[in-house]
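Please keep the model open while reading.

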Amino acid sequence: MAALTPAGPMAPMTPPAIAAEPGGKAGRPRRIRVWRGVVLLVAAVYFLVPLIASFTFTVKDSSKGFTLDAYGQILSAEGFGKSLLLSLGLGVATIVVVLLLTLPAMLAVRLGLPKLKPILEILCTLPLVVPPITFVAGITTILQWGPDHLADTPFFQTIIAAQNPDFPVVLVLAYVILALPFVYRALDAGLGALDARTLVEAARNLGASWPHLLFRVIVPNLRSALASASFLTLALVLGEFTIASLLHYQTFPVWIYTISGSQAQVSVAVSVFSLLITWLLLLALSSAGARQRSGS
Amino acid sequence: MNGAKVELRGLRRNFSGTTALDGLDLTIEPGELIALLGPSGCGKTTALRCVAGFEQPDEGAVLVDGSDITRVPANRRDAGMVFQSYSLFPNLSIRENVAFGLRVRKVAAAKRHARAQELLELIGLPQIGERYPHQLSGGQQQRVALARALALEPRVLLLDEPLSALDAKVRVTLREEIRRLQLSLGITTIFVTHDQEEALSMADRVAVLRAGRLEQVADPATLYDRPATAFVAEFVGTMNRIPGKLSGRTVTVLGQDLPVEGDVPATSDVEVLVRPETVIVTPDPSSEAMILVSSFRGSTSRLRVQLGDLEMLADVPGHDTVRLAPGTRVRVELVERPVLVSASSDVAAAVPVPEHDVV
Amino acid sequence: MTVQSPVHTAPAAAGGGSRPKKSKSWLATVPLLAFVVLVFGVPLVIILGGTFSREGTLSAANVTDSLQGAYLTALLGSVKLSALVAVVGALLGTFLAQAVVTSRFRLLREAVLTASGVLSNFGGIPLAFAWIATLGNSGVVTSALGLDSAGWSLYNFWGLALVYLYFSIPLMVVVVVPALDGLRPQWREAAQNNGANTWQYWRHVGIPVLTPTLLGGVVLLFGGAFAAYATAAAMVGGTVPLVTLQIANALSGNVLIGHENVALALSLDMIVVAGLVMAVYLPLQRRSARWLR
């Protein structure tokens, strides 16, 4: 920039000699291409090596060289089916509860109570600020304190029932809270794109009843937002370790951790496997979203 | 401040297979406002971007006052540019936007601000310096963009369809304002547009481009009255195409013999190009021609007249609308003056399309 | 009636139908609000109450304890690790995003964005194991490159940072790509036209416009790393001082008798730190949304 005269705004139109070199222009894009190539290469190495190495780790065998035994052992490993089923069950229950809670509330706020919107937004965002481990610290304290003080009340039975190891409702409650921010954002975006008010008024005007409206008009139009909310919730529940392990429940991630001591290869194999599942879920979700967009 | 002379010499530019510029030659005189007019993809924007330095021509040169600037980087050229829309920096106030070039050149803050204020007064918005772009209307934003383009006192001003994103009313006032400013500053201006009305009303000369080549360059009146080619004739203004018989340099059309102007095709079956305002329509119950539609436009009315299997447009004075209602039988004549003719299938895609030029 | 209907062709019917709707719509929010207050609010109140009581009396002793000795080291360790991961992750994520956004290959862009979506959710136990299998003491890369004899260990502060970046960088990509897409080419050209070179464009326009998004990304990354427990627990156990590990330790009963509530005080410390950092994020988000519209 030496050619620019700082003294005044009038710049000379005649170029300095260096700028007129024909190579000057071609050099810049090449430098950018090289820079971009380096960035992409480093990123590829950093992100792919752990995946490849994990896979290698699970299939190498000191005697045979290559074996898929670790993957075969996943299914037969003790506790696999039970913990996976537990996590899936918790996931489904969480999705149902969180959607039943948020969808009507958010619709109502959007349609008739715009003043409540900031309150709802803050309430649903707050769990982001509270790390799960602190949340579980609070829950543990309640669960320890409860039996001592509520032994004679019906609450006691409720608290005991909520901790049933076969299906710990307390985890569902906690996971609903953890999922709230993600579900809120997904649904808010979906409702925003929908113009729910016009849709509802048009349907009401045509004489649709409320249940009909909710399940025949709103839900189908929100399919992609609901799918993305559900996916995020499921991914969250399937991967959640902190709360489950500190409350001593054998969910899927806790199980992986438990077996890692004795069966390192299997635990890594399950980790690879769970990443694949996440990937497939996301692909299914994005293609469903794309289908809906092209359909409408 | 006075304008520079800009010369485009044999500009050629290809974009992966499509030719945007195909040997464009054009000289813009100092202080002149020239409009580059043409349909989408005719290369007008590419030509402008070659002058600004955002595009490099594959062949040819751009000269400013005789010196070759083809390879000068965009940030060292002495040309201010106004973009189609949304070009103001959103994070800077209006004053900082206008003073951006001065800041980059390390001009002292006080001097910068004074100059920005001067420019804001020039564009008639002296009190908005502290505001931000998203607080302004589209028309105000484009004025500020103009002020920013003028801040470095460039000798060439480049306008890339600056009005196309605005409301019709704002468009008209703003184009008058741009023209007034341009005349008072005497700055050489290249104005890209697809709107022929805009080009005709603002420019000293209009250059019509077609497929990367110059079709005709002339002052607006000449361009309208004596288009050099059938493409220009149809692109600029509205044209009727009426079948006629050619003999020598005379054509017989609607029973009249009219002299022919410009090129004469080889065949004798031709189409005669006639402007609606040169079609004379008078009520005549015995005639076979009939008015189909009449649309009133204030000072004039545009009539759609059926004559056999031919439909044509005619502009008549507004006060004649009553006696020329739809259904009226009329006699159709042409004003006695030289006409352009073309072979029947010469002009295919010459219809002006009000679309944004993508290239 | 507050309904402003564009389709009010039958006002009587719509009005009659809408009036009960209003009272119903109020009810529809009750379950959610009640749930959040109960399931989320009660534990928070317990944390707050427990923090300020020791052996049944009102006391700030837990807070004092949580801010000294090993607990303070752990809290600072967490903040340091999270800050490092947030800043480095934000920088690298932005570079990666810029490399992808400016690329002409649509497929590359799609692939990186999808991968980022998946990897930003890849945390917890599986992530730790993938890295242990790669660069742990008997990891594939460790033995292939003979890193173990060179004194390499994954199980320390830097190892954790390396692993945390694995989900932080993709999260940053997801956050920053829309903002980079929002940088209009006209801005760059207008800057050039006013005499700015590439660096001046970024300094005066590009970076300022991106700043809210970048800071927002830093905050998100900080929050993610700060709250992470599973990965650290599986990788380093207790060898790296982190506040999440200390809380888990205290919850499992590894505290002095009578000092059980230190876990709650540590939790409160964490919430305060995370809350302060988050408080920066929301207003910034609003500002960038306005600019990039």
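The crossing of α8(A) and α9(A) is right-handed, where right-handed means that the near helix is turned clockwise from the far one by less than a right angle, and left-handed that it is turned anticlockwise. This is a predicted model, in which local features need pLDDT of at least 70 and side-chain atom pairs count only at pLDDT 80 or more, while totals for chains, interfaces and linings use all residues. Residues are numbered from 1 along each chain as its sequence is written, chains are lettered from A and ligands numbered from 1 in the order in which they are written, and side-chain values use heavy atoms, leaving out hydrogens and water.

Helix α8 spans residues 196-205 of chain A and helix α9 residues 210-221 of chain A; their axes come within 11 Å and cross at roughly 140 degrees. Helices (H or I, at least four residues) are DSSP runs numbered from the N terminus, and axes are lines fitted to C-alpha atoms over the stretch in contact, with angles from 0 to 180 degrees between N-to-C directions. α8(A) and α9(A) are therefore oblique to each other. Angles under 35 degrees count as roughly parallel, over 145 as roughly antiparallel, 65 to 115 as roughly perpendicular and the rest as oblique. On the α8(A) side the contact (heavy atoms within 4.5 Å) is made by A:Leu199, A:Val200, A:Ala203 and A:Arg204, and on the α9(A) side by A:Trp210, A:Leu213, A:Val217, A:Ile218 and A:Asn221. By class, this contact of α8(A) with α9(A) has 7 nonpolar, 1 polar and 1 charged residues. Ala, Val, Leu, Ile, Met, Phe, Trp, Tyr, Cys and Pro count as nonpolar, Asp, Glu, Lys and Arg as charged, and the others, Gly among them, as polar.

Helix α10 (residues 223-239) of chain A packs with helix α7 (residues 169-194) of chain A at about 160 degrees, their axes 8 Å apart. That makes α7(A) roughly antiparallel to α10(A), and α7(A) passes α10(A) in a right-handed crossing. The residues in contact include A:Phe182 of α7(A) and A:Leu232 of α10(A). They divide into 13 nonpolar, 3 polar and no charged.

α10(A) also packs with helix α3 (residues 80-112) of chain A, at about 140 degrees and with axes 9 Å apart. That makes α3(A) oblique to α10(A); the crossing is right-handed. Among the residues that meet are A:Gly91 and A:Val98 in α3(A) and A:Ser230 and A:Leu234 in α10(A). The contact of α3(A) with α10(A) divides into 11 nonpolar, 5 polar and no charged residues.

Between chains, 81 residues of chain C are in contact with 78 residues of chain A. Chain C and chain A bury about 6,700 Å² between them, 78% of it on carbon and sulfur atoms; buried area is the accessible area (1.4 Å probe) that two parts lose on being put together, summed over both. In chain C, C:Leu32, C:Phe40 and C:Phe129 lose the most area to chain A, together 10% of what that side buries.

B:Arg143 lies in helix α5 (residues 138-150) of chain B and B:Glu177 in helix α6 (residues 168-185) of chain B, so the pair ties together parts 34 residues apart in sequence.

Methods: Helix = DSSP H or I, 4+ residues; strand = E, 2+ residues; numbered from the N terminus.
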